Amino acid sequence: MGNIIPDNIPDMAAPNKDLVGHKLLILIESDLPNGYQEHLHAKFPGLQVVHARLNPWKDTTALVPGVDWATVTVLLTGPRIPTIEEAPKMQLIQLQSAGANYILDKPLFKDTKIPFCTANGVAGPPISEWVICTYLAYQHRIPQYLDNMRDGNWERGWGETTDVVSQRVGILGYGSIGRQIARVATAMGMEVYAYTNRPRPTPESRRDHSYHPPGLGDPEGTLPTRWFSGTTAVELGEFLGSGLDLLVVAVPLTPETRGMLGTAQFKLLAAKKTYISNIGRGPTIVTEDLITALDEGWIRGAALDVTDPEPLPKYHPLWKKKDVIITPHVSGASNSYYKRLLAILDINLEKLSEGKTEFMNQVSRKRGY
């Protein structure tokens, strides 16, 4: 599969500067930024733009009132993905999220060559802030002091604070988000180790061509002092056993990354009692093994913006674990999110108008992200 293309999809390799004959459907519940549609009309006079106020995350099969899918060529959406039959002219899909795991079994992805592009990099700034914020909260015992404040208890306890200067952060998954985390961590005096599934032995191989907000991240890949890579347990173990103070889990969810951190991996962190921060996807970590690692003291604590299961049930034991900070998948939330997302869409519309066949943040059908 993956080679079936609807018969009446136009030739994407033909330049079409004004995008004449194209229709962009934007599925966003909120208002578009002021002047955005006018901006698109000025840049691509032939492009028809339709904004449907629908949340594509709430109902992935919802009808879109007043929209004829058969005429849509470009789509901005979340998990609401049309069928091949519904959207025979589709040429480009821009996702609202950095993760693409929810499209992998969709026929429009599996059985066509239509480019799907993610929002990778859009949430780098707020997620990096969340990672550093929660780690510093742990280091400075902010949760304990907040409890004391509620009780009106002035207590200077728990010993001295260990600041993060010269501490080592290992970033498991060195994409756009991981690179912004590295930038912030480096500015605080931390040492960065990176891990990717493919080797990056040369300066060119360490460059990242996905989206970065201007002036942010590590597009050239120069911040890590060591770079690990591989797909085997042994290769991952070498990285985990490298003396990490903080481990940031930032890999996408794929069949290969599901359950990649379990008992064996947590034991490798025990020597340094590494603190874990998960901003990727919950199922990357085996939850029961994480609880064991906390109970056994193999790790110092954890900050979890994603969990498995998700939402985390009210009486789940993770809620009560000492030295755990849990937030409900909000680390990427920012009032600049859609501004950056639409910047990626602009780049990809430009590529489409030029007849390009490679797009910014394009999902690899082989890798699944």
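Thr 77 of strand E3 has Leu 95 as its bridge partner in strand E4, and in this predicted model the two strands, E3 and E4 (residues 92-95), pair in the parallel sense over four bridges. Strand E3 is also joined to strand E1 (residues 23-27), through three bridges, and these two strands likewise run parallel; here Ile 26 stands opposite Leu 76 in E3.

The side chains of E3 (residues 74-77) can be sorted by direction, with Val 74 and Leu 76 pointing one way and Leu 75 and Thr 77 the other way, and all of them are buried. In a regular strand the side chains alternate between the two faces of the sheet.

Leu 24 is, together with Ile 279 and Leu 349, among the residues with the most contacts inside the largest nonpolar core, which has 52 residues. Helix H10 (residues 337-353) gives the most to this core, contributing seven residues. Apart from this core lies another, of 29 residues, among them Leu 240, Met 260, Trp 298 and Leu 312.

Elsewhere in the chain, seven strands form an open sheet with parallel pairing, in the order E8-E7-E6-E9-E10-E11-E12. Strand E8 (226-229) and strand E12 (324-326) stand at the edges, and because each has a single partner strand, one side of each is left without a neighbour in the sheet. Neighbouring strands of this sheet are turned against each other by 15° on average, when direction is ignored. Within this order, strand E6 (residues 168-172) and strand E9 (residues 246-249) pair in the parallel sense over four bridges, and Gly 170 has Leu 247 in E9 as its bridge partner.

Leaving aside neighbours within four places in sequence, Thr 196 is in contact with Tyr 174, Trp 227, Phe 228, Ser 229 and Gly 230. A polar atom of the Thr 196 side chain also lies 2.9 Å from the backbone oxygen of Arg 198.

Key. Residues numbered from 1 in each chain as written. Predicted model: local features only at pLDDT ≥ 70, side-chain atom pairs only at ≥ 80, totals over all residues. Heavy atoms only, no water. Polar contact = N/O pair within 3.5 Å; in protein donor to acceptor, adjacent residues only side chain to side chain. Contact = heavy atoms within 4.5 Å. Pairing = 2+ DSSP bridges. Axes fitted to C-alpha atoms, helices over the stretch in contact; angles between N-to-C directions. Core = buried A, V, L, I, M, F, W, Y, C linked by side-chain atoms within 4.5 Å. Buried < 20%, exposed > 50% of the residue type's maximum accessible area, 1.4 Å probe, protein only.
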